Amino acid sequence: MTADFTAPDISSRQLADEFMRNLRTSRGVDLTRATKNDLYQALGLTVRGLLMQDWMDRLTDQFQQGPKVVAYLSAEYLLGPQLLNTLLAFDLEKQMREALSHLDLSLDELIAIEPEPGLGNGGLGRLAACYIDSLATLGIPAVGYGIRYEYGIFQQTFEDGRQVEKPDKWLSSGTPWEFPHTHMSQPIGFGGTTERHVDELGNLRTTWIPSSTINAVPYNYLVPGFRNGVVNTLRLWAAESPDEFNLEIFNRGDYVTAVAEQVHASNLSKVLYPEDSTPQGKELRLSQQYFFTAASLRDFLDQTIPPGFDLDRLPERVVFQLNDTHPVIGIPELMRILVDERGLLWDDAWDITTKTFAYTCHTLMPEALEVWSVELISRLLPRHMEIIYEINARFMAQVRAAFPGDGAIAGRMSIIQEEPWRGVRMAHLAVVGSSKVNGVAELHSQLLRDKVLHDFSQMWPDKFTNVTNGITPRRFLRVANPGLSALITDAIGPGWERDLDRLSELEPLADDAAFREKFAEIKRANKARFATLLADRDDLEVDPSTMFDVMVKRLHEYKRQVLKLLHIVTLYQRIKANPGVDVVPRTFVFGAKAAPGYVMAKQTIELILAVAKAIDEDPVVRGRLKVAFPANYNVVLNQVIVPAAELSEQISMAGKEASGTGNMKFALNGALTIGTLDGANVEIRELVGADNFFLFGLTEEEVSATQASGYRPRDFYERDPELRRAIDALAGGVLLGSAREAGLSVIYHLLDDDPFLVFADYRAYIDAQDRVSAAYLDTDDWNRRAILNVARCGFFSSDRSIQDYLDRIWHATAG
């Protein structure tokens, strides 16, 4: 707790009274008729009410005092449940438990029914949520901007051994954490034409005349800092038609057409990441991106800065941080506002724009660097396409001056690609239009400079920097792992949640036998808690006495879940060949969703589920190997899996993972890592020590060399008997069951292509796993190494990441 923070002055009896008032006035029921959802909603409103005055004071200060604000633009925020996190932030958990006990209610039961906000998918959204948490905790004036999706990415179920996607109806019962401000709605135009005229000073001006308009309605979420009294804002936009209902058409009996405009408009905020393999899907995605970005820019200009503000000073007042390429359309949008609506000259507007935006690149995968067709942007946003052309023309003149006579580099750097179809390279637009560009781990940032954006880094070396990702210790240690958190507080005292470097004070305790035993006891309890959850939630039985070997992350080929599966099959084959062989009993835990249109990823899930079923049905391996793949992996499940994990699988092909944050969560909670030198694994290994990290696999340089030399995966298959037996066991069909078609598709893809070098890294991975098994047998030493992981992970706090952004990019201060 900070010295100047005082928890709200309210007794448990007063909290109970406020809860009952909300139950009656907001839900219209008393305790005798209230459902669990009624109770949860009333409790959420009670907690939110305690934050409201601090939030309103914050908004007033930002308007009157004019501090520099960080406006974080992100297409997703994977927030996780809010109730317990908010109670901890304001030091109210104890009082609230007492308040509810006066009413014979359980806080834990109400926490358990809270739905998870369906506002994010994976690492990008989780990182954004961590960052707005840290911005508030550091006292930085900030607002997060995004979309209020009616449905989340999807609800994953497994039916007949396959992934099935169902709507994520997270808002179906309402949420107490949001409130709309309809009077602050922003009209967002699409389509139409542009007209030119000469203004009174003789300057050529352009007016965009949209053919349709959709209203962006803001819904505010409160973002409390940890025990500092600061409450920032997350503002999410919902799409509505200005003409919700045509009464004349309705009265003629055409009921569907009468509401068609509202249905069309609401599609923009209907679903997170709509499938975009069709032209309609692509148009919806781009429309979503422009919708929330345009609304956010105009909201800040209209609502945060005072009338008459000198726009030349806008970079002193705000930095718009682009979280990947999704909001990059904001660069031509701000130019349109400044030039077309506010009357600035192009050069002045461009100077303001480039000083106001900063861009975080989160990928090394070419397909993730968005390219939108010129035809689509011209049709959907005609004025923006004109502005992009002008930006590119001026930029190309700079390139030709910087690299005279080099026509090839101009083609590589152009914002407009010509082949295989004309498109707008959004990452290039982001680099050209931003003051700073950062990667998210040291290796990732180096590869951005050396490979992905090499030409740009040659032209503007000072524009590129690194900010290694981080995670909030409030949610991913204090909330997720209360036992370990209490042990840490007992050992080093309170306050480490806001100063995670203090975990280094635990390092001497790794050699304390009594502390190691307490640590081990907490890990055992966490494993038992996870086993109970799996039994209740998924009807999966796991043995807490086995090693918990965990791989939870988005399903993608480069993350190489199939390599993990080959290890499982290898162990299975060893036991089948020699039932008396000494194998450390393991429970392998997977958690992953595959994008609906990603066939290979969905086939990989089908293959894993088939192998899990075959292992379950084989008495020879029962009690020694178990594969658990709970459906619908999310933040709630993550907060139980991570504290229980003993081995963290971070096995992507080197040079493909930007950073990762799951690797940080596991290490912080005392799991040892097996991994490649990829993403933030590099920094984790450097910090926790090589002896406390199981390294394997090709380096990024070796990956490039292997691919350049003409990689032949079948050569590895032929040379390695264990790999051949594992692949043959799968291809033989005994392990595949009804997943034979999907399994063979994955297998032959590896044999014939293997784009992420699974076979090339197989032997090194299996050998590293054998070292893991040997190390695990020495329980006491394993716990010592696990404690050192915890003690040396203070660097990975998102508070440190935000401080790096402040020092290197944003230059904002607490206020």
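**View 1. Strand 21 (residues 647-650) and strand 22 (residues 672-675) pair in the parallel sense over four bridges.** Strands (E, at least two residues) and helices (H or I, at least four residues) are DSSP runs, numbered from the N terminus. Two strands pair if DSSP finds at least two bridges between them. Gln-650 stands opposite Gly-675 in strand 22. This is a predicted model: local features need pLDDT of at least 70, and side-chain atom pairs count only at pLDDT 80 or more, while totals for chains, interfaces and linings use all residues. Residues are numbered from 1 along each chain as its sequence is written, and side-chain values use heavy atoms, with hydrogens and water left out.

View 2. Strands of a sheet pair through backbone hydrogen bonds, either parallel or antiparallel.

**View 3. The largest cavity holds about 160 Å³ of space.** Of the 13 residues that line this cavity, the closest to its centre are Leu-79, Gln-82, Asn-85, Ala-129 and Asp-133. Helix 6 (123-137) and strand 9 (212-224) are the elements that give two or more residues to the lining. A cavity is a set of points on a 1 Å grid, over the protein atoms alone, where a 1.4 Å probe fits but cannot get out; lining residues have an atom within 4 Å of a point. Grid points are joined across faces, edges and corners, and a volume is the space filled by probe spheres set on the points. The structure holds six cavities of 30 Å³ or more.

**View 4. About 130 Å³ of space lies in the second largest cavity.** It has 15 lining residues, and Glu-557, Val-562, Met-600, Thr-604 and Leu-750 are the closest to its centre. Helix 23 (561-577), helix 24 (599-616) and helix 31 (740-752) each give two or more residues to the lining. The largest share, three residues, comes from helix 31.

Definitions and conventions: On a 1 Å grid over the protein atoms alone, a cavity is a set of points where a 1.4 Å probe fits but cannot get out, and a pocket is an open set with protein on both sides within 12 Å along at least five of seven lines; lining residues have an atom within 4 Å of a point.
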